[in-house]
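This briefing concerns the surroundings of the ligand and the arrangement of the domains. Please consult the sequence and structure shown below alongside the text.

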Amino acid sequence: MSQTHDNAIPFTPLTIHSTELSAACPRAAKLRIDGRASNVTASALYTGALLDAACGYVHQYDEWARADFAMTYAVKWVEARTHAEGRVLSDAVVESQDKIVSNCTTLLLEYMRRFHHRFQQCSLVGVQTPIRWRHMFGPNHFESHLDLVLQDHDGVLGVGPNRLVVIDWKGTLQNPTHDYVVRNAQLMAYYGAVRWGEIMLGDEWVSMDTWPEVGLLHLPSLKPYARATTATNADGSTTKYSKGDTRPDQSILKWARFSPKRWPDMFEELAGKVKMIEQDIWPMRPDPVGCYVCDARDACPRFDWNSDTPQFEV
Ligand code: SF4
């Protein structure tokens, strides 16, 4: 499989990030790139950033006993980054910050309880590890960060022994379904970039030259069920849970289980997205909830009487 496209139109190379490949609405991604999205950090974004920073701290400093240490670090880290990026916390975040931190601490404690014994049997390769894939598509490069990279020597994570494992922490309210995970462009890009690109270890770019196992770990699903629930498993079977039961592993950590044999098709799928970016095509994909919470909403065209065409000029 060639990694380059012979038909690529020569032009200034682009740097593609995972957010551009995986954005539910390409227009929102473009408006963010252009700096036209709101600089207000809303609760969902703040919560996700706190959880990422806290989980990263736990792995990086091998601190599995004190969730409060990790959360104190996370609050300061997110505050510093928010400031550095010229962003501000929304009024809702400021008002409910204690509650958000408390909820995140609960999730972090559960993360430690559920996963420490397995993660400690793996070797930590990196946290927030930079990854790049030069000439991913024609002259273009891919760059991103991998939330968590582990070497699972004994197969304790259930995907086989001696696997390089990439886990993406997700703090979204909605739990990604298995059907979504197996088609996820962000995970596909990570899969290809680990195989064909390089990750930064210490101060060096290192080629891993292996197909990793990639998965999403949905942190909010670490909370027990708030009511009796019947859950559908990946194999289509169902299980009944009572209020207060913890969710099964497969509801929290979902593996893509990509096949190297399907890589040419995955690559074509990614290439299609990159072609659109090359040609500056960023379609709107409105979504009933997505548009309501979209941070680029104010800059996104709308076509009603209240929009930029004055009603009575027509
Ligand atoms: S408001 Fe809706 S259509 Fe517009 S950029 Fe946001 S998600 Fe996309």
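In this predicted model, the ligand is surrounded by 14 residues, of which Cys-25, Ala-28, Cys-291, Cys-294 and Cys-300 are the closest. The domain assignment of the protein gives two segments, domain 1 (39–120) and domain 2 (122–280). The points below take the ligand shell and then the contact between the domains.

**Shell around the ligand**

- Two helices, α2 (26–33) and α11 (290–293), each contribute at least two residues to the shell around the ligand.
- The largest share of this shell belongs to α2, which supplies three residues.
- By class, the shell around the ligand consists of nine nonpolar, four charged and one polar residue.

**Domain arrangement**

- The centres of domain 1 and domain 2, taken over C-alpha atoms, are separated by 21 Å.
- Contact between the domains involves 15 residues of domain 1 and 16 residues of domain 2.

**Side of domain 1 that touches domain 2**

- Helices α3 (43–60) and α6 (97–119) each provide at least two residues of the side of domain 1 that touches domain 2.
- The greatest contribution to that side of domain 1 is made by α3, with nine residues.
- The residues on the side of domain 1 that touches domain 2 divide into six nonpolar, five polar and four charged.

Note on methods: Residues numbered from 1 in each chain as written. Predicted model: local features only at pLDDT ≥ 70, side-chain atom pairs only at ≥ 80, totals over all residues. Near = placed C-beta within 6 Å. Helix = DSSP H or I, 4+ residues; strand = E, 2+ residues; numbered from the N terminus. Nonpolar A, V, L, I, M, F, W, Y, C, P; charged D, E, K, R; others polar. Domains from an automatic or database assignment. Contact = placed C-beta atoms within 7 Å.
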